[in-house]
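Grab a pencil and work through these two exercises with the model open beside you. Each task comes with a step-by-step solution.

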Amino acid sequence: MSDNKTATYPEVRLRPGKDASLQRFHPWVFSGAIARLPKDLEEGDLVRVVTADGKVAGVGHYQIGSIAVRMLSFKDEVIDPDFYARRLEQALALRQTLGLAREDNNTYRLVHGEGDFLPGLVVDIYGHTAVLQAHSPGMHFARLDIAERLIELPGANIANVFYKSETTLPYKANLDPVDQYIVGHYDGSVSTENGLQFNIDWLKGQKTGFFVDQRDNRALLAGYARGRRVLNMFCYTGGFSVYALAGGATVVDSVDSSAKAIALTEANVTLNFGDNETRHRAFAQDAFKFLDNMEDGAYDLIVLDPPAFAKHRSAIPNALRGYQRLNAKAMAKAAPGTILFTFSCSQAVNREQFRLAVFSAAAQTGRRVRILHQLTQPADHPVNIYHPEGEYLKGLVLYIE
Ligand code: SAH
């Protein structure tokens with residue numbers, strides 16, 4: 001097995017004492033930890049990381065920037081197509097353990113970067129199509145090997161691989177990736193999630209086309225929807241709206257500032273409930289304006305799932321003010337007995353900070369507010385315990401009296 005092979009990758013030598021985080025299996029080597037880089041090293045190259053006293057700490061992908069190496073293995077092993085095949089098999093085995101690959105649920109994340117020991121790689125599965133996304137130059141160069149192994153992956157039934165990395169690779173690397181099928185083609189199939197159907201636009205959509213990470217939270221919402229008037233703010237493809245309708249909501253209003261998102265939402269509602277679903281309305285409007293104009297007590301189940309307000313640490317204070325403002329506007333007008341699902345997907349904002357922002361919103365409105373559930377990302381977005389940075393989705397379900 002290639003496990004026993006050793007490679008002759010260029011060596012990246014660490015400064016003395018800078019191997020402590022690698023001893024704890026943290027998968028990133030920061031540029032400041034590096035004593036010496038080999039000559040002629042190029043972005044995306046495989047490197048062997050060596051401690052100051054000459055021990056091999058593992059193998060990874062090199063890139064220019066503050067994260068200089070993303071570790072693929074803490075052994076001295078060869079990174080070849082078989083290596084990717086083994087990692088993909090392990091990833092699929094976990095999803096099978098989770099019961100996610102089924103006829104009525106063929107939408108799931110197969111590879112979640114560091115959470116599946118493949119830093120820089122995301123793979124989402126929509127039926128027989130895998131959408132492959134590289135976040136590092138190294139994964140960009142490995143894309144064809146990975147695609148080939150995805151097609152061959154036993155039990156996965158993948159026929160098409162769409163590569164979508166135009167917006168996720170560091171632009172300075174000048175790789176000019178093109179979003180395109182690298183295997184197969186569009187097969188016209190519809191994706192299923194918990195028995196519900198979704199058209200996924202991986203060609204032009206955000207992320208890989210769908211927010212797979214809200215599956216469990218959408219299912220939880222469906223259980224609260226019966227008899228309620230629902231506002232799904234920042235609806236994108238209408239995931240929460242479809243679940244709310246399926247759960248027996250009396251009214252569902254979907255809001256998104258993007259007209260494209262509104263069209264996707266309407267198409268998904270039609271796909272599940274037909275043309276004559278009179279319970280649903282959709283509005284292409286700014287969230288803050290919609291909340292300002294909304295009538296007091298108009299809704300008793302509200303979803304706030306905004307885009308990441310903080311993309312970097314420097315944006316945290318503004319982001320927290322944004323979360324407070326948004327939540328306060330919704331809470332102030334929520335009907336008595338409202339269930340509010342409120343989220344932050346900003347990796348830079350931690351759980352306590354988000355909760356404090358929501359607390360501040362509650363205090364500002366003076367409403368009696370209790371926490372019913374504390375939500376996070378689902379199990380197909382696992383957090384590598386050695387890489388806490390992988391935890392990003394935070395949600396609270398509140399009861400507002
Ligand atoms: N809840 C969605 C994902 C939300 S993504 C799901 O489960 O799939 C965030 C969405 O917010 C995007 O569709 C984006 O178009 C929308 N958005 C961004 N800024 C907005 C604003 N100011 N008002 C309304 N929608 C906004």
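Two strands pair if DSSP finds at least two bridges between them; strands (E, at least two residues) and helices (H or I, at least four) are DSSP runs numbered from the N terminus. The model is predicted, so local features need pLDDT of at least 70 and side-chain atom pairs 80 or more, while totals for chains, interfaces and linings use all residues. Residues are numbered from 1 along each chain, and side-chain values use heavy atoms, leaving out hydrogens and water.

**Exercise 1.** Work out which strands pair with strand 14.

*Solution.* 
- Step 1: Check burial (under 20% relative accessible area, 1.4 Å probe, protein chains only). Of the 5 residues of strand 14 (residues 229-233), 4 are buried, so the strand is largely enclosed by the rest of the structure.

**Exercise 2.** Find which residues are closest to the ligand, then list some polar contacts (N or O pairs within 3.5 Å).

*Solution.* 
- Step 1: The closest of the 16 surrounding residues (a heavy atom within 4 Å) are Phe234, Asp256, Asp286, Ala287 and Asp305.
- Step 2: The Gln206 side chain puts an N or O atom 3.0 Å from a ligand oxygen.

Terms used. Buried < 20%, exposed > 50% of the residue type's maximum accessible area, 1.4 Å probe, protein only. Polar contact = N/O pair within 3.5 Å; in protein donor to acceptor, adjacent residues only side chain to side chain.
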